[in-house]
Amino acid sequence: LRFLYSLLQIGRPTCSTAMTISTTGNTNHTMRIIWGELLYGVIFAGSCTHFLWVVALATGEADHWTVWFGTHWPQQGFCISFPNTYYDSHYLSFYADVLLVLTMKYLVSTSLSESKPRKTTATSSMHPQHPAITVLQGHIPSLLGHGGSHLILTAYFEGSTGMATLMEKSTYTLVTAALLLAFFVNFIQKPFPWSPPLLWAQAIFHTVVAGYWLPGMFLFTYVSFVYNINLCTFRLGYTPRHSAFYTQEALIARLPIMIMTWLEPLLCDSFWLAIGGHMYFDITIPLSAIAFYFYVRDREYDPNSTVSTTNNRAASPLKAE
C-alpha cells in the first residue's frame, strides 16, 4: 500500500522554493516515466499472456489448464450468472454499461460547463483536453458498444456462440462482417489517433480474426486484447513523457482492468458466479476511469512542465499525435 501511495504522489511538488520545486520536478519526472512504463509493460504482458492462454484453450492445447479456471468460464468464455433470465450476466452488463455511460456523459458535460470555480482552480470549467475529460470520453463509445454487444449476444445468440465462429452462427454473414468492421473502427478510432491507413488495416484484420477464425465465445477476450495492445503501444511509443498524469492513469484507470481480466476466470466458480459474474469486469472499466477523473479533476495541468501546477489549466498531450 505504501508503494502504491508513493506512485500516486509522483508529480506532486512538495517543497516551497522555486529551485527546490524545479529539482524535485525533474526527479519526479524521471520516476514517473520509469513507473509509468513499468505499469504499461505489466498491462501489455498480462494481456498477451491471457490471450495466448485463450488461443491455447480454443485449439485444445490447454485443456489441462482449465482446472485453474473452474468449469463455468471455459464453457462460455465468461462467468455467466443466472443464465436464461433477463438478469443474467449479459443483461446485467448491458444495464450497468448504459448506466455508467450516462454517468460519464454527465461528468464530462458538467465539467465542461461549470459556472462555479473549483476550490483549487482559477477557472470555472475544465479544458476539453484535460486528462480527466479525455479518459472518460475515450471510454464512452467503446463501453456503449461493449454493452450493446452483450445485449446482442444474449438476445440473438442465446448467451454464447460456443466454439463456433460468429460467421458460422450468423444467418447474414455480410451484415455481421459490416457490423464487426464498424465496431472495430469506432473502438480504435476514438481513443487512439492512428493514421487512417493503420486504423483501417487494424479494423479489417481484427474483423477477419474475430469473425472467421476465433471461436465466438472468446470474442470479448480478443476485443480486450486489441484495446490493451493499442493502449500500451500508444502510451509507450507516442504519449509525450511530460504528461503529469502518465503514471497515475496507468495505476488508477488501466491496471484494475487487467487485474479483473485474470480475476474473473480464476474466481468465477468460487466467488463471481453467485453475485453477478461478468458484470463486475464490465463495471471495473468505467469505475476505474471515473476514479481517475475524480483524482485529477481538481489538479491543474501544464503541458510544458513535468509537475502539476496550481495556476494554469491547459490541454493534455495524451491525445497528441
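This note goes through the fold, the cysteines and the aromatic rings of a predicted model.

1. Basis. The model is predicted, so local features are taken at pLDDT of at least 70 and side-chain atom pairs only at pLDDT 80 or more, while totals for chains, interfaces and linings use all residues. Residues are numbered from 1 along each chain as its sequence is written, and side-chain values use heavy atoms, with hydrogens and water left out.

2. Fold. The chain has 11 helices and 0 strands, where helices (H or I, at least four residues) and strands (E, at least two) are DSSP runs numbered from the N terminus. The order of elements from the N terminus is α-α-α-α-α-α-α-α-α-α-α. Of contacts (heavy atoms within 4.5 Å) between residues at least 6 apart in sequence, 73% join residues at least 24 apart.

3. Burial and surface. Of the 321 residues in the chain, 52% are buried; buried means under 20% relative accessible area, exposed over 50%, and partly exposed in between (1.4 Å probe, protein chains only). The chain exposes about 15,000 Å², and 67% of this comes from carbon and sulfur atoms. Areas are from the Shrake-Rupley method with a 1.4 Å probe, and for residues only the protein chains shown count as cover.

4. The disulfide. The structure holds 1 disulfide, defined as a pair of cysteine sulfur atoms within 2.5 Å. Its partners are Cys79 and Cys268, with sulfur atoms 2.2 Å apart. The torsion about their S-S bond is about 90°, so the disulfide is right-handed. The pair links distant parts of the chain, 189 residues apart: Cys79 lies in the loop between helix H3 (72–76) and helix H4 (89–112), and Cys268 in the loop between helix H10 (246–266) and helix H11 (279–296). Both Cys79 and Cys268 are buried.

5. Cysteines without a bond. Cys48 is in no disulfide, and its nearest cysteine sulfur is that of Cys232, 8.1 Å away. For Cys232 the closest cysteine sulfur is in Cys48, and 8.1 Å is too far for a bond. Cys232 is buried, at 1% relative accessibility.

6. Aromatic rings. A search of the whole structure finds 22 aromatic pairs. Rings of Phe, Tyr and Trp (its six-membered ring) pair if their centres lie within 6.5 Å; planes under 30 degrees apart count as stacked, over 60 as edge-to-face and the rest as tilted. Phe271 and Trp272 have ring centres 4.8 Å apart and planes at 70°, so this pair is edge-to-face. Phe271 is partly exposed at 44% relative accessible area, whereas Trp272 is buried at 9%.

7. Ring cluster. Phe183, Phe184, Phe187, Phe192, Trp194, Tyr227, Phe234 and Tyr238 are linked into a cluster by ring pairs.
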